[in-house]
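Please open the model in your viewer and keep the selection tool at hand. The stops below take you from individual side chains to the place where the chains meet.

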There are 2 protein chains.
Amino acid sequence: SKALSLGEQATAILYLLKWLLMCMLVGTLAGSASAFFLVSLDWVTTYRETHTWIIWLLPLGGLLVGLLYHYYGGRANGGNNLLLDEIHRPAKIIPFKMAPLVLFGTLVTHLFGGSAGREGTAVQMGGTLADQLTYVFKLRPRDRKLLIIAGISAGFASLFGTPLAGAVFGLEVFVLGRIRYEAILPSFLAAIIADYTCLAWGVGHTQYGIPIVPHLSALGIGYTLLAGAIFGLAGMIFAKATHFFTRLFKEQVTFPPLRPLFGGAVVATVVWLMGTTKYIGLGIPTILGAFDNQLPWYDAIVKIILTAFTLGAGFKGGEVTPLFYTGATLGNALSTAIPLPLALLAGMGFVAVFSGATNTPLTCTIMAIELFGADSAEYMALACVTAYLFSGHSGIYGSQIIGSPKH
Amino acid sequence: SKALSLGEQATAILYLLKWLLMCMLVGTLAGSASAFFLVSLDWVTTYRETHTWIIWLLPLGGLLVGLLYHYYGGRANGGNNLLLDEIHRPAKIIPFKMAPLVLFGTLVTHLFGGSAGREGTAVQMGGTLADQLTYVFKLRPRDRKLLIIAGISAGFASLFGTPLAGAVFGLEVFVLGRIRYEAILPSFLAAIIADYTCLAWGVGHTQYGIPIVPHLSALGIGYTLLAGAIFGLAGMIFAKATHFFTRLFKEQVTFPPLRPLFGGAVVATVVWLMGTTKYIGLGIPTILGAFDNQLPWYDAIVKIILTAFTLGAGFKGGEVTPLFYTGATLGNALSTAIPLPLALLAGMGFVAVFSGATNTPLTCTIMAIELFGADSAEYMALACVTAYLFSGHSGIYGSQIIGSPKH
C-alpha cells in the first residue's frame, strides 16, 4: 500500500546503516582484490611481452588450470553464471575457492598469452568475497541476493575505475531488458567504495580520450544508428563464436583438462605464425591505438576468433576487454566508410559491442561517460541502445534470463 | 526462447526504421512545443517581474483557467496522471486539447505569479502530441504505450536540455523501483531529436556550474548519505504538502473553478506581505544564487508551502523546477552544517529532492551529469539513491505504481 509513516523512515535508517557496514566490507575486499589483480596482471603482461618464448608454455599452463578446476573446482566451474544463478535462485553460498581459482587461472591465461579479458575475474572475486559475509552475518536469502549483486558491482567498478557503470552493471546484468531497484543502494555504495579502495592502493586505470566530438546533426544520428546496428551484430557474433567453440571443445575433447592443453597449443602456434602478440592478452595497446591511427580492417575479426577460441578451450579471464578491443578496432575500421571522427567511432564501438554482447545498454552508456567524458554521451547512448536492439536475445552470459523482449 | 536467427535481425531493422520515423515526428513536435513554451515562459516571467501589480490578477487568471478546465477540459484534468494511467492501462487516446490547455494554463500561472514548475506542461504536450500519431498510423495498444513514453521523454528532454535524463525519465517514472526496456530505443531517439529540435529553434537552457568538487573521501561518503537522506525527506514533505493542499481545496471548495480564485487571492496577498517575488514563478535566479552565495535557511520551506498551495489550488505547471529550487536552497542551507562546498551541496539538493519526490534516481543522476558535468557524478549518484530510499513509497505522481519496495 502507499501508506507513509515515520516507521518507514526508521526502516530506511536501519537499512542504510546495515548496508553501509556491509558495503564498506564488500567494497574494501573487492577493491583490494581488484587492485592486487590489476598489479599482477600488469606484471604478467609485461613479463610475457619481454619473454615471448613463454607463449609456448600456454598448453601446459592451460592443462594445470584445467586439472585444478576439474579435481578441485566443483561449483566454481560455473564462474559468472554461478553468480547469476545464485541471484535468480539463491541456493548455496558461493565457495570461497572460486576467488583464488579464477585469480590464478586468469594470471596463467595472461602470462602465457591466451586472448581473454579480466572482468570475469574481478566480478567473480567480488561476488565470492561478498557472499562469504552471508556466513558472518547469517543473512536471509533476500539479503544474500543483494550482497552478491553488490559484490559484482564492486568488482566491476574497481577493475575499470568506473564506479557508476559498475553499480548499474550489477543491477542490469542478470535479467535482460529490465532493472529492479532492490539492490540500488548496496550496488552504488559497494561500487563507489571499491573504486575508492582500489585507487587508495595507488592502482590507476587506463585513460581514453575522444578529442573531437562534432555537434550532433540529423545525419550524425543516422550514422550512429547504422554503426550501432553493426556493433550489435558484432556483439552477437562474439557471443555466438564463444558458445560455438565451447560446444566444439566439449564435443571433441571429453576430458576437460585436455581442452586448454589442445587449445593452448593451437593459440601458441597461431601467434607464432602471425608473428605478433597484438591479438593476445588484454590488448590494451591496440585498444588505445584504435583511438589514434587507422588500424587494419581485420583486427576485430582476428580478436573475436582468438578470444572465443581461448575461452571456449576453458581458459579464465572474461570477455569484456576483448569486447572493448573488438569494438574499438571495428569502430576504427568503420571510420573509412562512416564520416564521423575516428576516435568517436572507436569509443562508440568500445562500449556498444559490449552493450550488445552483454545486453547492458545503460551500463555501457554510463561507462562511456565515465571513460570519455559527457561530451559524446548522446552518440554513445544511441549506439549502445541500437547495439542492444540488434544483438538478439542471447548474450555471453547463459544464465541471464529474458525479462522483456527487445522488439 | 533464446533462439537466434537472421529473422530476428530483420525484425530489428523494421523496428528501428518504424521508430526512427515516429520518433522524428514525436521529437520534432515535442521539441518545437518546448521551444515555443520556453520562449513564452521567458516572456511572461519578464513581464511579471517588470509589472508586479499584475500579481493581483492571479485570482482572476486562476478562475479563467479553472472555468476552462471545468467546462472544457474533460479527461485533460488528469494531467500527468492521465499519461501514466494510459501507459499502465491503454484505453483511449489522450485528447489533443490537453496540450493547448496546459500550455495556456501554465503561462497564466507564471504571468500572474503562481509558484509552479514547467515540466508537467512539456511532458503533457509531448505525450499528447505523440499520442495523436496513434490516429495517423493506426497503432496497436502496445505501440501506443511506447509512443506515450517517447513523448514524455521528448518533452522532458527538450525542456531542460538534458536528452539522456529525459530518455531515462520516460522509462523510469511510471513504475516505482523498476525499469523495463520495451521503450528504450523510442525514448532515447525521441529525447535526443526533441532536444536537438529545441536547440535548432535557437532556444537555450539555463547553465549551472559546480566549480569545486573535492576528491571523494570516506567522510565525504558519510556526509553525502546524510545529505541525501535529508533531501529524500524534503522530497517526501513536498509530495505530502501538495497532496495535503489538493485535498484541503477539494474539501473546502466544492466548485473547482473557485479553488484557484481563492488560492490565487491568498498567494497574491502573501507575496504582497513578504514584499518579494523570489518565491513565485520558476525561481531560476534564486536557484542560480544557491550555487553562489549563502541564502536564508528558510527559502526551501517557503518554496514548498507556496508551490504546494499553488498547485493544490489547481494552477498548472508542474513540480520539478520548484523541486530544484527546494533542493538547491536546502543544500545551500546545509552547507553551514555539512563541510562540503556550497555549490556541490546545492547541486546535490537540486537533483536529489527531485529524485525523492518522483522516485527517479537514475534520471536524476544522469541529469546531474548533463547539467553539472561528470566530476561530481559519484556524489550525485549517492545523494539521489539515498534520497530515493528515504522518501517513502508515494511521490508526487499518484498514478505511479509500486514495482519493487525500497527496503
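This is a predicted model: local features need pLDDT of at least 70, side-chain atom pairs count only at pLDDT 80 or more; totals for chains, interfaces and linings use all residues.

Begin by selecting B:Asp85, which is partly exposed at 27% relative accessibility, where buried means under 20% relative accessible area, exposed means over 50% and partly exposed lies in between, with a 1.4 Å probe and protein chains only.

Residues are numbered from 1 along each chain as its sequence is written, chains are lettered from A and ligands numbered from 1 in the order in which they are written, and side-chain values use heavy atoms, with hydrogens and water left out.

Next, select B:Glu49 and B:Arg48, whose closest N and O atoms lie 3.1 Å apart in a salt bridge. B:Arg48 is buried, with a relative accessible area of 2%, whereas B:Glu49 is partly exposed at 36%.

Now move to chain A and select A:Glu86 with A:Arg75, a salt bridge whose closest N and O atoms are 2.8 Å apart. A:Glu86 sits in helix α3 (residues 80–88) and A:Arg75 in the loop between α2 (58–73) and α3, eleven residues apart; helices (H or I, at least four residues) and strands (E, at least two) are DSSP runs numbered from the N terminus. A:Glu86 is buried at 4%, while A:Arg75 is partly exposed at 28%.

For the last stop, show both chains together: 63 residues of chain A are in contact with 63 residues of chain B, contact meaning heavy atoms within 4.5 Å. Between them the chains bury about 5800 Å², 72% of it on carbon and sulfur atoms, buried area being the accessible area (1.4 Å probe) that two parts lose on being put together, summed over both. How many salt bridges are counted between chain A and chain B? The count is zero.

Finally, select β2 in each chain, residues 178–180 in chain A and residues 178–180 in chain B. Three bridges join these antiparallel strands, and two strands pair if DSSP finds at least two bridges between them. Within this pairing, A:Arg178 has B:Arg180 as its bridge partner.

Key:
A salt bridge is a side-chain nitrogen of Lys or Arg within 4 Å of a carboxyl oxygen of Asp or Glu.
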